[in-house]
Amino acid sequence: MTEPLLRVRDLKTYFVTEQGRGTARAVDGVSFDLYPGETLGIVGESGCGKTVTSLSILRLIPEPPGHIRPGSLIEFEGRNLLALAPPDLRAIRGNQIAMVFQEPMTSLNPVFTVGDQIAEAAIIHQRLSRKAARARAIEMLTLVGLPDPAERVDHYPHQLSGGMRQRVMIAMALVCHPKVLIADEPTTALDVTIQAQILELLERLQAELGMAVLLITHDLGVVAGQADRVVVMYAGQVVETAPTTALFDGPLHPYTEGLMAAVPRIDAPKSRLQAIPGQVPAATAWPSGCRFHPRCPHAWTKCTIEEPPLLGDGDHTARCWLVQEPGRRKRQPETE
Amino acid sequence: MTAWLVRRVAASVAIVFAVITLTFFLMAVAPGEELLGPDERQVDPQVRAELRRQFGLDEGLLVRYVKYLRQLAHGNLGVSFALHRPVADALAEAIPNTLLLAGAALFIDFLLGLALGVYQALRVHRLPDVVLGNVTLFLYSVPTFWLGLILLLVFGAWLRWFPVAGMSDPILCPNVSSLYCTMDRLWHLALPALTLGFVGAAGTARFQRAAMLEVAAQDYIRTARAKGASERRVVLRHQLRNALLSFITLFGLAFPFLLTGAVLIETIFAWPGMGRLATDAILRRDFPVVNAAVLLASTLVVGGSLLADVLLAAADPRLRVRETA
Amino acid sequence: MTLHAWFALLTALVLSGWAVGALRRRTGRHEAGRRFFRHPTAGWGIGVLAFFVIVAVAAPLVTSFDPRDQIDIVHLKSQPPSWSNILGTDVYSRDLWSRVAFGARISLIVGALGMLVAVTLGTLVGAVAGYYRRWVDAVLMRGVDVGLALPRIFVLLMAVALFGRLPLAILVLVIGFTSWFGTSRLVRAEVLSVRERDFVAAARAVGAGPARVIFRHVLPNAAAPIIVSAALGIGNVLLLEAALSFLGIGVAPPAPSWGNMIADGAPYLASAPWTTLFPGLAIALVVMALNAVADALRDALDPRQEAM
């Protein structure tokens, strides 16, 4: 088994809220590995901590009010990113680990051309001249499939459509051929048809450039199509980890089951959508014991008291007592 | 783009025209006698009637208005009642002085204000920011003329670092522009320009601080960091460039402030500029001068705002190019 | 100063402090109130304003002299601050503290009323322009453009030149009539955005007339910039009144206003600087307080504005 490119161990990112309403423990002990060349999907509803996790890796969390707790470990190629001095961290950002954000319109600077913004990382890390950097920018625009790249390179973000802007963001991230690409909900802000194109693009680029991708999304469909392995997050924790096929064939955690049941299927007979009852709890007051227990159809006393660790064998683990005691699983009433 | 520019300039011209008309009619319909100063000497009615005829004040209102417009078109601003010389001449003497004062004040205002605002934003909520924030709050809240008086007292009378009145040494430098005289003029210019400049800078600093902080919260700043840019690059290239856009709008607002300030500061420092000319004329009911002064002031204000709009359109790519993908 | 004047003054200070505390407690439950007091200067601002208002209202109590009383023209003229005249005396041997305290009445009233006129006019024009749009908007806004093109001081100087020295009531009105342009633009912008919201459409669907829609539905939601504008407006009017009085065309002496006190003291700047210093300081303090409160209000009422 090869060494993981990125190792995250027990990551805790907390936020101080105003007026002493307590600390929001947005990420509360998250661990996962990312191997070279693979696509790891991180799935979860909004509020589960997946975006904060991704921002923590590159230490892009605003320092007040957020902070990464000591005891967290983020290792990239053996170096602890959390202990790096700022110049060393900057050398990795945009260069070895790059990030694509969710909202391409606000994430692009409106006063610089698209070409300037793509070239910036190359100028910073590879010290390319303006001319060489511009040529590289055109190269990248071609790579991401933007029509008329030689013309578009001098356009401003507001002159491009949503899908094109996201391509530009991807080009911007890839210009230094990073080993890891963190894509935070890259398609959420786009139309469905454009979504498919962007995902295809990411797949192609990954194959061509041989990089690892950390794909963060709330959309199970995206994960099913793109990811090799999946991490499911809930309430600031990892609740299930598995290779994609294993996850979809047999989810272990009731939350994952609930997520899948909530997705309408075009090939199944029409039935009522099964929503997961209840709401995501506030990060300032996670429930005791297993954090999912208030919404879980199978919960029993133990779940309210003791927080389960990740249980299971090999690559498929879940944070649920049912893994040890499958008999406790209640039979669900059949729906039509 | 050019269509917009044409429309904008036309609107500005229309506004100035409206101002001219408004002031003319206001002056013409007001009660009280023209030609009579505050002492209201009893002038022989026959002499008064003769003077009125001379100045064309006995003709109908609309006739006077049309005549006035025609005169303006020829660059003739009329003859001052009180000074007995063409208004244009009096103004031509006074305007450069006001422009000098306003220009120097503007320079200090923007330079200092920009630097302070950016510095404060970079040290936000820490001691330098808090201290400077209170200082700018104070300077922004004081009456400009009172500050002028205090500075005059401290630096002019007590410390004798600067002269207390006038534009230059009347004995040694009558219209001689040698190095000594230039220095002398700068020396005289210092206090009034600093007064106006400091108050303006306080406002600019507050505004610029807010603009920088607003930009700092934007997503694209996070993107710049994610690319591995150093803090210096993030601030100077990304933050500042965007914050400067809102700074340009300040440019348009600076003109009314400077003109108002000029009126008061010129009075205190005995600076022979447009403001003083206007105040004297108004108290003497010297209509042609008042008309011309108001016209000029409004033109400057409108011109300033037009300039700011043009600069903004040139600097902000979102306003510049109109095609979409 | 007499003993009971000292006592009254101390009471005024204590009352101001208490007022801040009371306000803080009463608004502590509201999100906006908490946000307001997060600014350290906001509390001070309210305190300073409370103090000056109390002094203005209770002016006879906190002073020992009549502001127009020339105490002793031979021995007490232009005296620096002392125990009996805590801010000194002016060139007519009038007690400066009394003049500042009574001057507060005039200056604050002119400020408040002038602002009221300006904000009312500005809100009306802005609301009508924003609500009706099209040609109404175009005409009104062109008018505003013309209004903004005329520097206020010139207009006011002109008014005085034309109509002679204006009585105080007229002066306040004229100040108000020349100060509403900025507010109208702000209000118009807010109204333009609020009118698109669903609850406005709902109100109109139920048959509410334009006046009702504007006053009961649109304006309360556009209140934030109006309130901030009002706070800043008082400060602006105060400064304007000071400038006018300084030029000799504002409040007529011997009635004390902070502006004409500066004018009185200016010729004696070098020999009796306190006569110019204290009135100006009073203006500066009040305007500072108003600006600080306006800043905090802007934050408190509009959560979209962060990190100011």
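1. At which residue does helix 5 of chain C bend by about 30°? The bend lies at C:Gly103, where a bend is the angle between axes fitted to the seven residues ending at a residue and the seven starting there. This is a predicted model, in which local features need pLDDT of at least 70, side-chain atom pairs count only at pLDDT 80 or more, and totals for chains, interfaces and linings use all residues. Residues are numbered from 1 along each chain as its sequence is written, while chains are lettered from A and ligands numbered from 1 in the order in which they are written.

2. Helix 5 of chain C covers residues 96–132; helices (H or I, at least four residues) and strands (E, at least two) are DSSP runs numbered from the N terminus. From first to last C-alpha, helix 5 of chain C reaches 52 Å, close to the 54 Å expected for its 37 residues; the expected span is 1.5 Å times one less than the number of residues. Of these 37 residues, 27 are buried (20 or more other C-beta atoms within 10 Å of the residue's own, C-beta atoms being placed from the backbone). C:Arg133, with a positive phi near 55°, follows the helix.

3. Helix 4 of chain A (residues 114–126) should span 18 Å, and its end C-alpha atoms are 19 Å apart, which agrees. This helix bends by about 30° at A:Glu120. Because 11 of its 13 residues are buried, helix 4 of chain A is largely enclosed by the rest of the structure. Among the buried residues are A:Gln117, A:Glu120 and A:His125. Their cover includes helix 5 (130–143), helix 6 (149–152) and helix 7 (162–174) of chain A. After helix 4 of chain A comes A:Arg127, whose phi is positive, near 55°.

4. Chain A also holds an open sheet of 8 strands in the order 7-8-9-3-10-11-13-12, with mixed pairing; two strands pair if DSSP finds at least two bridges between them. Strand 7 (97–100) and strand 12 (311–313) of chain A are the edges, each pairing on one side only. Strand 8 (residues 180–184) and strand 9 (residues 212–217) of chain A run parallel and are joined by 5 bridges. Within strand 9 of chain A, A:Leu215 stands opposite A:Ala183.

5. Between chains, 36 residues of chain C are in contact with 40 residues of chain B (C-beta atoms, placed from the backbone, within 7 Å). Helix 6 (134–149), helix 7 (152–163), helix 12 (223–247) and helix 14 (274–301) of chain C each supply at least two residues of the side touching chain B.

Notes: A residue is buried if 20 or more other C-beta atoms lie within 10 Å of its own, exposed if 12 or fewer, and partly exposed in between; C-beta atoms are placed from the backbone. Two residues are in contact if their C-beta atoms, placed from the backbone, lie within 7 Å.
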